[in-house]
Amino acid sequence: IICKNACTFCCMHMLPQGMRPTLYLRDDDYRLSFLQGNFVTLTNVSDDDFERIVEYDLSPLHVSLHAVSPDVRRELIGKNATRGMEMLEALLEAGIEVHVQVVVVPGVNDGLELTRTLSWICAHPGVLSAAFVPLGYTKFQKRFDRSFSDDPDAAAQVIELIKEFQEDSGVEQRNTSLQVADEFYLNAGYAFPPADAYAGYPQFHDGIGMMRSFIDDWQRSADAIANLA
């Protein structure tokens, strides 16, 4: 199933010309979401697709959320954004669980909109984890001229906002389902959280927890070598 969206931050639109054709193929296939962990928007899921997902219990899916306000979603994803939100809520209601991703774009879905998105996520227990990753772009695009790597204070604000929801989970234990990309910590100059904050690294391949895993593996290896002396 080919993507029919017009996401402003799509990395496929930021590739140089003249590369092999397969690099420009944009999939948005719920089957790959279930089988391989690809993030999909659900905007092209038909009613028949919905019934198939529920009937075969294709859970968990990996879903690109990005924002919950209709106008912000349309700005980020395009004219089909409403369908994606309708399908996501219907699937959650039907018992399908999801891992979601939010690409945070400065001045678009951070701040108040990020607060709305976090509130929505916390209100839906079927969301197993939520990855918050920063906008990234290449020199082969003209839409963006700033990112969180240029603004440590803005990166820190994102971390602190998510931290409020992590710590206000209504239970004694910190909410580990809300996970911040390593880039945010690097850009803000923050230390990485401990391993237990990543709750088994459900978003590892989205760039979340890789640095903590690397640091811990390095330390274990260093300790093992030291014990041989």
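I take helices (H or I, at least four residues) as DSSP runs, numbered from the N terminus.

**Entry 1: ground rules.** The model I opened is predicted, so local features need pLDDT of at least 70 and side-chain atom pairs count only at pLDDT 80 or more, while totals for chains, interfaces and linings use all residues. Residues are numbered from 1 along each chain as its sequence is written, and side-chain values use heavy atoms, with hydrogens and water left out.

**Entry 2: salt bridges.** I went looking for salt bridges (a side-chain nitrogen of Lys or Arg within 4 Å of a carboxyl oxygen of Asp or Glu). How many salt bridges does a search of the whole structure find? I got 5.

I looked at Glu113 and Arg116, whose side chains meet in one of them at 2.9 Å, N to O. These two are 3 residues apart in helix α5, so about one helical turn separates them. For burial I use relative accessible area with a 1.4 Å probe and protein chains only (buried is under 20%, exposed over 50%, partly exposed in between). Glu113 is buried at 3%, and Arg116 is partly exposed at 39%.

Next I turned to helix α8, where Asp216 and Arg212 are 4 residues apart, again about one helical turn. Their side chains form a salt bridge of 2.9 Å, N to O. Asp216 is buried at 19%, and Arg212 is buried at 14%.

Entry 3: I found Arg83 in a salt bridge with Asp47, with 3.1 Å between the closest N and O atoms. Arg83 sits in helix α4 and Asp47 in helix α2, so the pair ties together parts that are 36 residues apart in sequence. Arg83 is partly exposed at 25%, whereas Asp47 is exposed at 53%.

How do the helices themselves lie? I used axes, which are lines fitted to C-alpha atoms over the stretch in contact, with angles from 0 to 180 degrees between N-to-C directions. The axes of α2 (residues 47-55) and α4 (residues 81-93) come within 11 Å and cross at roughly 25 degrees.

**Entry 4: a glycine in a loop.** I found Gly78 in the loop between α3 (70-77) and α4. Gly78 is buried, with a relative accessible area of 12%. From C-alpha to C-alpha, Gly78 and Lys4 are 9.0 Å apart in space, although 74 residues apart in sequence.
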